Amino acid sequence: MGPAQTKQRKSLWLNAALVLALLSVSSGCGTSNRASHNTADSVAPPVSFQTLDGHAVRLADYRGKVVLLNFWGTWCGACRAEIPELIDLQQRYQAKGFTVLGVAMRDQQSAVASFASQRQFDLGGRTLAMNYPVVMGNLSLEGTFGGFFGYPDTFIISRDGKIVAKGMGVIDE
């Protein structure tokens, strides 16, 4: 499979998963042939994160919203490359009960805070900062979510807290 086909397949996966998650209130709908352990209709684990200002936030606090849970790092070139797409998704779907939640992994909190607040990204000729919540993760999360083979790793969680899809690699819609 060539790069263009891979990009088209990832876009199709993302669009299909988002549409299903946004349309299902609590129907338990699930999709993804890319699923692995702890994915496709399993309940998202009861995990907590630390916000960039040091407060605890639980994934369950986002119940009622569709969450695109994106594990990334400031040091990861592929992760940085997909941020404009995540900014765009947040802008387009936030009013429909959707949020991107960026989980910084293998990073220092001060580096992530600086990156998230100061870095600007080109989005169709507009320069924008990250417009979605960014929290700190820890290495135990990798096992909790079934293991990662690299970054970025992305999960889509439905309004009722079920993992409906998992994607590995860059999201490019």
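Q: Why does Arg58 count as partly exposed?
A: In this predicted model, Arg58 has a relative accessibility of 46%. Buried means under 20% and exposed means over 50%, with partly exposed in between. The value for Arg58 falls in between, so Arg58 is partly exposed.

Q: What makes Arg58 and Asp61 a salt bridge?
A: Their side chains meet with N and O 2.9 Å apart. The cut-off is within 4 Å, from a side-chain nitrogen of Lys or Arg to a carboxyl oxygen of Asp or Glu. The pair meets that rule, so the contact is called a salt bridge.

Q: Why is Asp61 called partly exposed?
A: Asp61 has 42% relative accessibility. That lies between the 20% and 50% limits, so Asp61 counts as partly exposed.

Q: How do you know that Asp88 forms a salt bridge with Arg92?
A: The closest N and O atoms of Asp88 and Arg92 are 3.1 Å apart. The limit is 4 Å, so the pair counts as a salt bridge.

Q: What separates Asp88 and Arg92 in helix α2?
A: They are four residues apart in that helix, which means a separation of about one helical turn.

Q: What makes Arg106 and Glu142 a salt bridge?
A: Their side chains meet at 3.2 Å, N to O. This is within 4 Å, so the name applies. By this rule the count comes to three salt bridges.

Q: Why does the pair of Arg106 and Glu142 tie together separate parts?
A: Arg106 lies in the loop between β5 and α3, while Glu142 lies in helix α4. These parts are 36 residues apart in sequence.

Q: Why is Arg106 called exposed, and why is Glu142 called buried?
A: Arg106 has a relative accessible area of 53%. That is over 50%, so Arg106 is exposed. Glu142 has 15%. That is under 20%, so Glu142 is buried.

Q: How do you know that Cys76 and Cys79 form a disulfide?
A: Their sulfur atoms are 2.5 Å apart. The rule asks for cysteine sulfur atoms within 2.5 Å, so the pair qualifies. The structure holds one disulfide.

Q: Why is the disulfide of Cys76 and Cys79 called right-handed?
A: The torsion about its S-S bond is about 75°, so the disulfide is right-handed.

Q: What makes Cys76 and Cys79 buried?
A: Cys76 has a relative accessible area of 7%, and Cys79 has 1% relative accessibility. Both values are under 20%, so both residues are buried.

Q: Which residues touch the most other members of the largest nonpolar core?
A: They are Phe49, Leu59, Leu69, Phe71, Trp72, Met130 and Phe145, out of 47 residues in this core. Elements that each supply at least two core residues include β4, α2 and β5.

Q: What does Trp72 touch beyond residues up to four places away in sequence?
A: Its contacts include Cys79, Ile83, Phe115, Met130 and Tyr151.

Q: Which elements have the lowest and the highest mean pLDDT?
A: Helix α1 has the lowest, at 54, and strand β8 has the highest, at 98. Over residues 1–9 the pLDDT is below 50, and this stretch has four contacts beyond near neighbours in sequence. The protein chain averages a pLDDT of 82.

Note on methods:
Residues numbered from 1 in each chain as written. Predicted model: local features only at pLDDT ≥ 70, side-chain atom pairs only at ≥ 80, totals over all residues. Heavy atoms only, no water. pLDDT = per-residue confidence, 0-100. Contact = heavy atoms within 4.5 Å. Core = buried A, V, L, I, M, F, W, Y, C linked by side-chain atoms within 4.5 Å. Buried < 20%, exposed > 50% of the residue type's maximum accessible area, 1.4 Å probe, protein only.
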